[in-house]
Amino acid sequence: MKCEQVKEFLSAYLDSQLALEEREAIAMHLQTCTECSNMLVDFRYFDTLLSSLPRVAPDASLRRKNFSSAEYKEIAGTFSISASTSDLTMPFKHVRSYDPTRPYLVALPGGQQTSPAFPLRRPTPIGRYTFYRRVNGLRVMHLLLAAILLLTIGMGGFFAEYLWQNHDTVAHNPAGIIPPEGLLQGPLPAGMRFVFLRDGALWSAPIDGGSGIVRLTPTNSIVAANWAVRPAFPGHKAGNMLAYIDLQHGLVHTIRSDGQSDTTIHQPLLKSGIQPTSLWDTDTGATILNSLAWSKDGSMLAFVADPQGTGLPALYIYTLSSGNIYAVPLPGKGGVSYPVWSPDSIRIAFAFEHDGWRGIVDYNIQNHGILTIVPDVAAPEHTDDTILGLDWSPDTTIPAITWSVGTLGHIHSIWWQRVGIEGAIAPRNLTKGDYIQAIYSQAGHNGAGSWQVITSQAGLPGDIKMVDLSASYTLLTYGRQVNMAQWSPNGEYIYYLDAVSSEMGTLHIINTATRVDTIIDLNVTVDPMPVWSPDGQRLAYSTGTHILVVNMQAINAAQPLKIQGLATALSWSASLPNQLVIALSDGQQGIYLVDTQHDTSLQLDSSNARGPILWTQIP
Amino acid sequence: MIRVETKEKSWSFEEIYDEYKTPIYNYVYHLVGDREQADDLTQDTFLKAFRALPKMDANLKLSAWLYRIATNTAYDALRRRKLIAWLPWQDLDHEPADVEGADPQEIYGTTELVRAALCCMPHQYRSALLLYTQEGFSYSEIAHTLNIAESGVKMYLSRARQSFREHYRALEQGGGAK
C-alpha cells in the first residue's frame, strides 16, 4: 500500500473499523513508514485532547428562559398543559443581552472513555437481565438439571473426598477440541485448571484439553462478576476453592475447584422479601458485590451484607473449617465497604461511613479489638473525597495500612498509618496533588510497598511518579501522557500506555530501579490490558490483530505469536512459565492454550470468553 | 402535564430537558464556539423537539434524535453566519495577549488551540469528530444522528482528523491554515 492510500485508512484503523486484511496491510506499512506512523500518533494525541476538552454546562437561567418562553407556552398550551410549569412566572424576553450569569466552563465528566452524563452509552450492567429472560424460558429444564446435580453431588461426595487432599500433578494429554460439557458430573481430575465467567456461570478448563471445559456452578445460580479464588496454600501454585455471589438468590457460595461441595453461606446479603435484582444496581448492591475478600491464609472469607435493608452494610466473616459466620462489631451506626485483609490474616481493615464521615477501621480477628484508624479522610477543601484505595504494608511485624483519598480520576492525597499501637500517631501524608490514577503494590520498592501515581497536567494525563511508604518519590517518566500503568507482580517493572485514544496506546516498560524506559509497541489495546506473567518476567499484549510477548531478558524484541486475531482476554498460567491462555473473538473465535516458547497452540473451546481468567489447582 | 412515551420510559418535557440539556448544550457550544449562540440554539433545539415529539413514534431513539435536531439547528446558524468573518474564541475567559512572536501555546493554551482548530474545520466534519470524541458515540450512532451511512462516518472521521491535524499544527506554528 502507498502512503496516500494508508492515510485514508488510518482513521478507521485507529477505530478498529477495518477488515483483518486491511488492518494487517496498514500495520505492516506502519512498521516502516515514519510519516504515516507520526500521523497515527497525532490522530491518537488529538483524540485525547478532544475527549478531554472541558465540557460546558448551560446556566440555570436557560431552563427558566426555555419554560417561560412564549413559544413553549404555545406548544404546551395546545396540549392543555397544567400546573407543572406554572411556577415559572418570569416573563420571557427573547432579547439578546449581556447576562452576567451566562454559562461558564465547568469540568464535567465527559469524553470518550468516561461519559456517565450521557445516556446513549451507559455501561452495560453485568448482563444478567438478558440471562434472566432465558432463565424464565428454561425454568423447567433447569429445575430438572439442578435435581440431577444435587443427586450427583450427594453421591460423588462419598468417594471424592480422599482425592481432595492428594498432592497436585499436571496432566499432559494433547488432544483436539473437546466440546464443553453442559454440567459437571463428578469431581474434576487433579491438576491446574483455569476458570472464567460465561453466561452467568463459572466454567473450568483443563490445561491439556483432555477433559473438556465444564460448568462448575449450579444451573439455578447466576454468578456475579466479582468472584474470587482462594489464595494458594504454601507450596501450591493456585487456590483450590472459589467464592462467588449468586445474583438470583442474593447469597454467597463457596465451591471447590474440582466442582464439588458447592456450599451456600446462610447469611442473606439483602433483606428478605426484597427481590435481589432490584438492588444490585444501587450503591449498596455494588458495595456488596465488590466485597468478597479471602483472608491471605485462605481460612476465612469476608463480605459485606445488608440483611436489615438499612442501606448500611455490615461486615461478616465466614470461617471455612467450622462453617461459623459472625458480624464484626462496629464502632457505631454506619456502613462498611472495601474490606482488606492484613498479610498475616490477623486483621481486616475497611472503609466505614457514618453520619457523613468517611473513616477507616481495623478489626483484630484474634482479640476482637476494633480500632478507628482515621475518623474522616475528607479534607476541608475536598468535601466529596472518599477512600479510593486501601491496602496493607507488606511488613507484618509493624502492621500498617496505606490508602488513597479523592474522587474518581482525581486522587488528592495518599497516606500511611501504623495500626494497633496505643496512642496512635497522626497518619503520614505520602503525597498530595491531583492524580489521575494511584495504584499500590506490596511488592514495589524492593518489597517494602510503593504507590505509582499518574500526575495530571491541566486536566490531561501526565507522568508516572513512584511514591514509597516513607514519602520519598521518584519521577519515572517525563513529558508523557500516561493513561494507565500497571506494576509487575514482583514490583520491578511498570508498564504504561502513553497517549491512548480509541482504546489504543503506545506501550512502554520502565525498570523501576534503573528508570530505563523502553518503547515496546506503538498500537496496544487497553482492553484487554497487557498482562504480566506471575513471575513478572514476561508481558503479553494485544494489538487488536496480533498477540505479542515480550520477555524482560530481551526487552527490545517482542515476539508476535503465530496465533492471530482480536484478543478479548489474556492470562498467564500460574504453574508453567511459558503457558498463556488467549481468548479470541473474531476470525478464529475461541479459547486457546499457547506455549509461547515453542509458539504452538491448542484450541480448547470455540466460544469466546472475557476476562478475568483465574487459575485454580485441584489437589 | 404533557407526557411523551418512548421505548425506555414516559417523559415530561421538563424531564427531557433536564436529562439532555447539558450534553446538547456542550455539543452545540463546541459546534458554534459561542456561548450566547449556544444558549439560543439549545433553546431552539428543545422547542423544536417539544413541538414535534407528540407526533413521533414511540420507537424513537430520543437522544440521537435530539442530537440530530441540534446538529441541523447549528448548521443553519453556521450557514447564516458564513459571510461574517470568523473571530475565533474571543469570549474565552481571558483575552489572548497581543504579543508578537510569542509562543501560541502560551497565548492560547492547549484547550484554546483545540477549540480554534475545531472552528476552522468544515462543520459536518466537526460534528462527526465531536460526536465521536466528546460524546462517545459509536459509528452507527453517528450515522443515525447525522443521517448518513456508516461508510460515510468512516470518511467523515478520516477527513475530520486530517483537517483538525492540519489546522491545529498551523495554529501551533502561529498562523491559521487557509
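A quick word on labels: helices (H or I, at least four residues) and strands (E, at least two) are DSSP runs, numbered from the N terminus.

Before going on, note that this is a predicted model, where local features need pLDDT of at least 70, side-chain atom pairs count only at pLDDT 80 or more, and totals for chains, interfaces and linings use all residues. Residues are numbered from 1 along each chain as its sequence is written, while chains are lettered from A and ligands numbered from 1 in the order in which they are written.

Back to helix 6 of chain B, residues 139-146. Is it enclosed or open? Seven of its eight residues are buried, so the helix is largely enclosed by the rest of the structure. Buried here means 20 or more other C-beta atoms within 10 Å of the residue's own; exposed means 12 or fewer; partly exposed is in between; the C-beta atoms are placed from the backbone. Among the buried ones are B:Tyr139, B:Glu141 and B:His144. What do they pack against? Helix 3 (62-80), helix 5 and helix 7 of chain B. Contact means C-beta atoms, placed from the backbone, within 7 Å.

Now take two of those partners. Helix 5 (residues 123-133) and helix 7 (residues 150-172) of chain B pack at about 100 degrees, with their axes 8 Å apart. Axes are lines fitted to C-alpha atoms, for helices over the stretch in contact, and angles run from 0 to 180 degrees between N-to-C directions. Helix 5 and helix 7 of chain B are therefore roughly perpendicular. The cut-offs: under 35 degrees is roughly parallel, over 145 roughly antiparallel, 65 to 115 roughly perpendicular, and the rest oblique. Helix 5 brings residues including B:Tyr125, B:Leu129 and B:Tyr132, and helix 7 brings residues including B:Tyr156, B:Ala160 and B:Phe164. By class, that contact has nine nonpolar, two polar and three charged residues. Nonpolar covers Ala, Val, Leu, Ile, Met, Phe, Trp, Tyr, Cys and Pro; charged covers Asp, Glu, Lys and Arg; the others, Gly among them, are polar.

On to chain A. Seven strands form an open, antiparallel sheet, in the order 18-19-20-21-22-23-24. Strands pair if DSSP finds at least two bridges between them. Which strands stand at the edges? Strand 18 (386-392) and strand 24 (473-475), each with a single partner, so one side of each has no neighbour in the sheet. On average, neighbouring strands are turned by 40 degrees against each other, direction ignored. Strand 23 (residues 460-468) meets strand 24 over three bridges, antiparallel. One pair there is A:Met466 with A:Thr474.

Next, two hairpins in chain A. Strand 7 (residues 241-246) and strand 8 (residues 251-256) run antiparallel, joined by six bridges. Four residues lie between them, and A:Gly250 takes a positive phi near 70 degrees. Strand 8 also joins strand 9 (residues 263-265) by three bridges, again antiparallel. That hairpin has six residues between the strands, with A:Gly259 at a positive phi near 85 degrees.

A:His368 is not a glycine, yet its phi is positive, about 55 degrees. A:His368 counts as exposed, with 10 C-beta neighbours inside 10 Å. A:Glu503 also has a positive phi, near 65 degrees, but A:Glu503 is partly exposed, with 17 other C-beta atoms within 10 Å. Finally, the peptide bond from A:Asp527 to A:Pro528 is cis, omega near 0 degrees.

Technical notes. Contact = placed C-beta atoms within 7 Å.
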